[in-house]
Amino acid sequence: KKDTPQTEEKKAERKKKIPLIEREPVNDLEKIEKAYLLNYKSLYEKKAVTSEEPVVNWLKARTLGKMCLEKYGLDKLLLAIERSVTNEFVVKNGYCLTMILSAGVLTNLINGNNYTNQKGFKPGQGVDLFRQETDVDF
């Protein structure tokens, strides 16, 4: 099959797209993904995870992310992403976005009260960049 000029143009646009970690997010879902990616990068630099790039089923992660955004809102999800880097279970199991957004883990990250900055670890900068003014103390 031959590509039409429109198809070729779309392919060229996709190739030019700047990775999320290098650009500003355009919506709340991308804010969550970028906060996660920044945290993952920090964990990789600290050798807490072994692969340079996260292994994520992005289709599943985006589906979960959309549902969680509707139910919990951006601020609570950013809180969960921030807390996830100090959650031993999440980090030791590969620091996966779909795991963070799963019901059991997400509930613990949002409602748990045992989240202090353990061992001096600072989460990635992503969370602070997108946080809205709220009553939640981060």
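Q: Buried means under 20% relative accessible area, exposed over 50% and partly exposed in between (1.4 Å probe, protein chains only). On that scale, are Tyr36 and Tyr95 buried or exposed?
A: Tyr36 is buried, and Tyr95 is buried too; the relative accessibility is 0% for Tyr36 and the relative accessible area is 0% for Tyr95.

Q: What kind of model is this?
A: This is a predicted model, in which local features need pLDDT of at least 70 and side-chain atom pairs count only at pLDDT 80 or more, while totals for chains, interfaces and linings use all residues. Residues are numbered from 1 along each chain as its sequence is written, and side-chain values use heavy atoms, with hydrogens and water left out.

Q: How many aromatic pairs are there?
A: The count comes to 4 aromatic pairs, where rings of Phe, Tyr and Trp (its six-membered ring) pair if their centres lie within 6.5 Å, and planes under 30 degrees apart count as stacked, over 60 as edge-to-face and the rest as tilted. One of them joins Tyr36 and Trp58 edge-to-face, at 6.5 Å centre to centre with 75° between the planes.

Q: Which helices do Tyr36 and Trp58 lie in?
A: Tyr36 lies in helix H2 (residues 28-45) and Trp58 in helix H3 (residues 58-72), so the pair ties together parts that are 22 residues apart in sequence. Helices here are DSSP runs of H or I with at least four residues, numbered from the N terminus. Trp58 is partly exposed, with a relative accessible area of 25%.

Q: And how do Tyr36 and Tyr95 pair?
A: Tyr36 and Tyr95 are stacked, with 5.2 Å centre to centre and 5° between the planes. Because Tyr95 is in the loop between H5 and helix H6 (97-100) whereas Tyr36 is in H2, this pair ties together parts 59 residues apart in sequence. Tyr36, Tyr40, Trp58 and Tyr95 form one aromatic cluster.

Q: Switching to the backbone, what is phi of Tyr95?
A: Phi of Tyr95 is near 50°, a positive value in a residue other than glycine. Lys47, in the loop between H2 and H3, also has a positive phi, near 65°, but Lys47 is exposed at 72% relative accessibility.

Q: Last one: where is Asn87, and what does its side chain reach?
A: Asn87 is in the loop between helix H4 (74-84) and helix H5 (88-92), where it counts as buried at 11% relative accessibility. The side chain of Asn87 reaches the backbone nitrogen of Phe89 at 3.0 Å.

Definitions and conventions
Helices (H or I, at least four residues) and strands (E, at least two) are DSSP runs, numbered from the N terminus. A polar contact is a pair of N or O atoms within 3.5 Å; within protein, one must be able to donate a hydrogen and the other to accept it, and residues adjacent in sequence count only if both atoms are side-chain atoms.
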